[in-house]
Amino acid sequence: MTVAKFPVGILILLAFIASCQISLAQKKKFLITASFNQANLEQFVSEIEKQTGLRFYFDPALTDSIKISANPVAEPLEKVLDKAFSTTEFSYFIDDENQVFITKGASIISPLAATDSSQKTAAKSKKIDSSATEPQYEWKNMVTVKGEQLIGIGNRNAPGQKSNETNVAGYVTDLKSGEPLPGISIFIESLKTSVVTDQYGYFSLILPKGRNTLRIEGMGIRPISRNLMVHGDGKINIEVESMVMTLRNVTITAQKINNVRNPQMGMQRIDMTTIKQIPVVFGEADILRAITALPGVKTVGEASTGLNVRGGSADQNLIQFNDMTIFNPSHFFGMFSSFNPEIVKDVELFKSSIPARYGGRLSSVLNINGKEGNKKNIEGSAGIGLLTSRLNLEGPLIKDKSSFIVGGRTTYANWLLNLLPDQYKNSRASFYDLNLGITHQFNKKNSLYLIAYLSHDKFNLNNDTTYQYSNKNVSLKWKHVFANKLTGLFILGYDRYDYSIGSDNVPYSAYKLSFDINQASFKTIFTYFLDNKNTLDFGLSSIYYKLHPGSYQPASKESVVAPDQVAPEQALESAIFVSERHNFNNNLSIDVGLRYSMFNYLGPQMVNTYPPGIPKTEGNIISVTNYPSGKFIKTYSNPEIRASIRYAFSEMFSIKGSYNSQSQYIHLISNTTAMAPTDIWKLSDPNIKPQWGDQVSLGLYKNFKSNTIETSVEVYYKRIKNYLDYASGAQLVMNHHLETDVVPTWGKAYGVEFLIKKTSGKLNGWISYTWSRVFLKMDDSTVGALINHGNYYPANYDIPNDFTIIGNYKVNHRFSVSMNATYSTGRPFTLPIGRYYYANGPRTLYADRNAYRIPDYFRLDLSMNIDGNYKVYQRTHNSWTIGVYNLTGRKNAYSVYYVTENGSINGYKLSIFGSAIPYVSFNIRF
């Protein structure tokens with residue numbers, strides 16, 4: 001006879017342990033023959049154990065009052081137990097290994113489902129007294145007794161389970177919608193270590209056999225714990241609740257101490273709750289505006305969505321939306337970003353420590369993760385603002401297996417343009433964007449994702465010239481779980497960006513100028529979870545580029561415009577990568593990676609040849625070589641190193657360092673500071689070399705007041721090679737020999753970034769300050785005319801000082817106030833300083849390039865957020881956003897331009913928003 005010597009809680013735990021064992025064998029039928037007359041439980045159990053070999057578990061302190069009288073003759077065990085406990089509050093549970101657990105008041109009522117679909121449970125539970133007062137709980141894969149949830153993993157009797165270590169994997173999903181949650185931290189208390197879910201909510205960890213407790217924490221979720229009894233390898237899916245931010249917490253990182261513990265530097269994650277609280281023009285939540293509020297990220301103008309990250313130009317940022325490349329992320333003259341905020345889940349920005357899986361750009365990766373759609377219920381949202389409206393719908397196609405999400409935005413902004421001065425009263429502008437996502441889970445190992453995106457802009461500015469541009473993207477992704485430790489992601493994608501400029505009001509001069517860039521891509525990413533301290537990523541990627549650099553065609557039969565077309569370009573960019581994240585201990589961790597990229601410029605193409613040692617000019621062309629289709633004309637290749645290290649002195653203080661090198665094989669050709677619809681992309685070729693850069697950075701991270709206040713200081717130094725600047729008087733559009741009008745430059749960028757962030761409480765937000773410089777130099781007379789006599793000069797996006805305050809104050813549950821204040825140094829420009837005559841004509845004399853600056857920039861925004869009631873059971877939830885953009889009405893200069901008037905040169909300052917702009921937006925969720 002086995003008698004427990006411990007309290008009922010331990011007894012219940014033993015019941016759970018036993019119930020976790022799964023077997024295909026059927027339970028043996030036991031027949032009992034005995035005589036009991038007022039026997040106590042110990043006597044009763046002793047006799048049954050002798051006859052059956054069963055083992056009983058119970059608490060003697062709770063069972064000493066039981067007296068049993070019965071005379072069974074060859075009766076089944078269950079019938080004997082039923083009679084024995086029929087007038088008591090006791091229940092029994094028989095598991096697959098013939099162990100019997102006797103509990104009082106709380107019944108073990110749910111057999112454990114097998115962790116593998118091929119396994120069946122034979123465990124049996126029986127409740128004797130239905131009048132027991134304790135609550136009963138029923139969970140799949142779970143036993144709950146008196147509120148404690150115990151989850152069984154694996155089969156103790158499965159072959160090959162001799163090792164004490166087991167591998168447990170699964171997904172973390174939203175309880176309400178079923179969507180997977182990335183960036184969620186799973187902390188194993190006994191091991192004092194943690195893992196983080198990937199982009200699709202998947203995790204894999206190594207656990208010792210026996211009792212384990214997992215603590216699950218993350219951005220926007222309610223922290224929970226799960227108690228496991230692990231017998232072998234298995235799977236567990238964890239559902240968590242979204243947290244209602246009663247104090248509107250601003251949370252940027254995945255968990256409170258992630259900024260200290262994560263080895264990655266220069267990485268920020270922002271959720272949509274935070275983004276929607278930042279005041280922006282016309283009240284439309286804007287992802288790129290939120291990104292520019294972070295340290296080290298700048299923009300060159302009031303209405304520009306092009307990013308300048310740590311001294312990089314706008315084209316040196318890889319912007320991905322659900323793994324699709326977005327070449328122009330702006331709408332409506334740059335006033336809005338191209339991303340519908342209701343479709344986006346969160347945003348990740350990598351300024352340094354860029355993962356090896358990403359490549360092709362020098363400065364940063366902006367990874368925008370979209371929602372997958374609700375797998376359980378139909379829901380939607382809509383918004384109406386002064387300039388835009390949007391509608392979004394999501395829900396299950398097959399409940400708990402597949403989902404869809406669709407969304408659209410459009411504008412009705414012509415009324416705003418009619419308020420402009422008379423010279424712009426006939427201007428027109430419109431845009432729209434559409435999103436579609438379909439997700440299907442075939443089984444636990446295979447999931448398929450189809451994502452499509454379309455955006456389109458069209459406008460004219462009081463003339464007969466119409467501008468149009470659009471993004472068209474589609475992506476098909478398959479995620480396969482080879483084993484608990486090994487997952488694979490396979491991505492096929494097609495991305496297109498095109499623009500056209502046309503005029504047809506005057507038939508004889510009607511024309512259409514167009515450009516497009518197309519890329520078809522394939523990428524594989526494998527993740528191997530060696531153990532809790534080591535994760536290996538490896539894979540390969542390939543992109544096929546097809547560009548039409550310019551087509552100039554007549555737009556009517558009467559047009560006398562001479563047609564012209566720049567020869568198309570094509571190339572293949574391929575890469576392989578491998579990286580490892582290794583935690584030596586709780587204090588020291590590293591992340592190292594190697595990416596090897598290769599670029600092949602392909603035929604058909606005609607390539608100009610120039611004599612060495614002198615500048616490339618049209619008159620210096622000595623030959624033209626015609627290459628056939630598919631010919632590898634020029635090949636470039638570069639190894640790219642990624643490395644970062646973190647040492648934590650405590651849970652609240654760490655130091656990090658990193659080194660990155662990058663290669664970029666495509667160039668944005670522009671003589672403006674911001675992305676414009678007349679910009680063109682150019683592939684590297686025999687005459688234009690790829691860009692290259694590297695960066696070293698160092699950071700200190702310190703948290704205060706139980707990690708509710710985060711501070712950081714990061715310094716960096718970056719080198720840039722072969723960045724293209726334009727020669728004086730350059731022709732950039734419809735240029736058949738572009739290499740004659742651009743010059744390669746060398747650059748350097750350096751700076752220091754400060755961040756103070758308060759993540760909880762009624763008042764929260766952050767303060768960021770960046771001091772940085774970026775200089776370019778062209779001192780090689782053999783490739784072109786020297787710029788600024790071969791000395792360093794500021795890039796046209798060099799902004800030394802940038803200061804931002806984001807604040808949110810929660811007055812009560814339904815009303816909050818948000819504020820955004822930003823100051824920055826004016827950007828450089830080139831000043832005309834005189835006039836002279838040459839070749840019988842007047843000429844303008846300019847100062848050194850970018851030697852002067854436009855006035856400094858300052859703006860203050862204010863908004864009020866009014867939520868509807870918080871009743872759970874209602875059809876719709878609504879909110880209002882009311883605010884003022886540019887509260888002080890400051891006339892910030894977007895640019896300075898000069899006009900010759902009456903023989904003199906006069907300068908003018910152009911302001912995009914020269915007054916305070918009130919806005920209101922109504923949002924509804926259903």
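Student: Are Arg595 and Glu640 buried or exposed?
Tutor: Keep in mind that this is a predicted model. The side chains of Arg595 and Glu640 meet in a salt bridge, at 4.0 Å from N to O. A residue counts as buried under 20% relative accessible area. By that cut-off, Arg595 and Glu640 are both buried.

Student: How many residues apart in sequence are the parts that Arg595 and Glu640 tie together?
Tutor: Look at the strands here. Arg595 sits in strand β39 (residues 588–602), while Glu640 belongs to strand β42 (residues 632–650), so their pair ties together parts whose separation in sequence is 45 residues.

Student: Which residue meets Arg357 in a salt bridge?
Tutor: Arg357 is partly exposed, with a relative accessible area of 23%. The N to O distance is 3.5 Å, and the partner is Asp537.

Student: Where does Arg361 lie, and which side chain of opposite charge is nearest to it?
Tutor: Arg361 is in the loop between β26 (344–350) and β27 (364–370). Among the residues it touches are Asp315, Phe327 and Gln664. A salt bridge needs a nitrogen-to-oxygen distance within 4 Å. Arg361 is buried yet has no salt bridge, and at 5.9 Å the nearest side chain of opposite charge is Glu573.

Student: How many salt bridges does a search of the whole structure find?
Tutor: One of them joins Lys375 and Glu372, with the closest N and O atoms 3.3 Å apart. Both Lys375 and Glu372 are buried. For the whole structure, the number of salt bridges found is 29.

Note on methods
Residues numbered from 1 in each chain as written. Predicted model: local features only at pLDDT ≥ 70, side-chain atom pairs only at ≥ 80, totals over all residues. Heavy atoms only, no water. Helix = DSSP H or I, 4+ residues; strand = E, 2+ residues; numbered from the N terminus. Buried < 20%, exposed > 50% of the residue type's maximum accessible area, 1.4 Å probe, protein only. Lys, Arg positive; Asp, Glu negative; His and termini not counted. Contact = heavy atoms within 4.5 Å. Lists of a residue's contacts leave out its neighbours within four places in sequence.
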